[in-house]
Amino acid sequence: MRKPLVAGNWKMNGSRESVSALIDGLTTGLTQFAKDGLVNDIEVAVFPSAVFVQQVENALSSTNVAWGLQNICTAESGAYTGEASVAMAKDFGCKLVLVGHSERRAIYGETDADVATKVERAGLAGLVPVLCVGESLEERQEGRTDEVVARQIKAVLKNSAPESLTELVIAYEPVWAIGTGLTATPEQAQEAHAAIRGLLAEHDADMAARTRILYGGSVKGSNAAEIFAGADVDGGLVGGASLDVQDFLTICRAAG
Ligand code: PEP
């Protein structure tokens, strides 16, 4: 049985003060849910900007909420100005790391090969790589969704060591739905997730059964439950709505 995961990608947002308030609200709300028996066994994680990771570690280390970096470097260490390594992520208690978010692919030119290297580095270091994949609006309109997503995933399956993929999480995030307020319909999400699981099954049946596939793209408290109802949807990667405590808590509840 795959445990649902709800993860908040805070992107380049926040201040010491807002991060503190967000974490307080989140942990208080989740504790209350547990007391009231409102949420079953789910995992919750947050991805703050790297500058807040120490603050997040301090605040969350005695809770069940995990945290991670939004990106890691392809290299192990050295002259890579502006980057953070898997060893640094581990040193600050990160459990997960986002890899290949569409903003990194589009704005910073990350290639499928870079993404495969990062997944491998993260996985081998014992971090959970959350591999983000998804098609642009143009690609969807051309009927190329499955082809694009398959290319992105195959690059990882082919180039990352198998032992780095045991805990892999995939986030299906149609680019046209990220930060736009447009959301894939529950049917579109389930269809894409089923295709991803089918692709994984061609590679390794056990991996297909255990890999959690999250949906991301304008998930909100108001649409989370219907999207998460899909048989192959194992939770969500949430951007904008993860900055609003109440909305994020509603999303967590929908996953549990
Ligand atoms: C994301 O950035 O991963 C994301 C899904 O953003 P949003 O929820 O704002 O669309």
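This is a predicted model: local features need pLDDT of at least 70, side-chain atom pairs count only at pLDDT 80 or more; totals for chains, interfaces and linings use all residues.
Biologist: How many helices and strands does the chain have?
Modeller: Both are DSSP runs numbered from the N terminus: helices are H or I with at least four residues, strands are E with at least two. By that assignment the chain has eight strands and eleven helices.

Biologist: What is the radius of gyration of the chain, against the globule rule?
Modeller: The radius is taken over C-alpha atoms, and the rule is 2.2 Å times the number of residues to the power 0.38. The C-alpha trace spans about 45 × 40 × 35 Å along its principal axes. The rule gives 18 Å for 256 residues, and the chain is as compact as a globular protein of that length because its radius of gyration is close to that, at 17 Å.

Biologist: What percentage of the residues in the chain is buried?
Modeller: Buried means under 20% relative accessible area, exposed over 50%, and partly exposed in between, with a 1.4 Å probe and protein chains only. Of the 256 residues, the buried share is 52%.

Biologist: Which elements do the buried residues of H11 pack against?
Modeller: H11 covers residues 245–255, and its buried residues are Val-245, Phe-248, Leu-249, Ile-251, Cys-252 and Ala-255. Seen down the helix axis they fall within an arc of 155° (from the directions of the C-beta atoms), so they line one face of H11. They pack against strand S1 (5–9), helix H1 (16–36), strand S2 (43–47), helix H10 (224–228) and strand S8 (235–238).

Biologist: Which backbone nitrogen does a side-chain oxygen of Asp-244 reach at the start of H11?
Modeller: A polar contact is a pair of N or O atoms within 3.5 Å; within protein, one must be able to donate a hydrogen and the other to accept it, and residues adjacent in sequence count only if both atoms are side-chain atoms. The Asp-244 oxygen comes to within 3.1 Å of the backbone nitrogen of Gln-246.

Biologist: How many disulfides are there?
Modeller: The rule asks for a pair of cysteine sulfur atoms within 2.5 Å. The sulfur of Cys-73 is too far for a bond, because the closest cysteine sulfur, in Cys-94, is 15 Å away. Cys-132 is in no disulfide either, its nearest cysteine sulfur, that of Cys-94, being 15 Å away. The count is zero.

Biologist: Which residues is Asn-223 in contact with, leaving aside neighbours within four places in sequence?
Modeller: Asn-223 sits in the loop between strand S7 (212–216) and H10, and at 8% relative accessibility it counts as buried. A polar atom of its side chain lies 3.1 Å from the backbone oxygen of Ser-218. With contact meaning heavy atoms within 4.5 Å, the partners are Thr-183 and Ser-218.

Biologist: What is the phi of Ser-218?
Modeller: Ser-218 is in the loop between S7 and H10 and is buried, with a relative accessible area of 14%. Its phi is positive, in a residue other than glycine, and is near 55°.

Methods. Residues are numbered from 1 along each chain as its sequence is written. Side-chain values use heavy atoms; hydrogens and water are left out.
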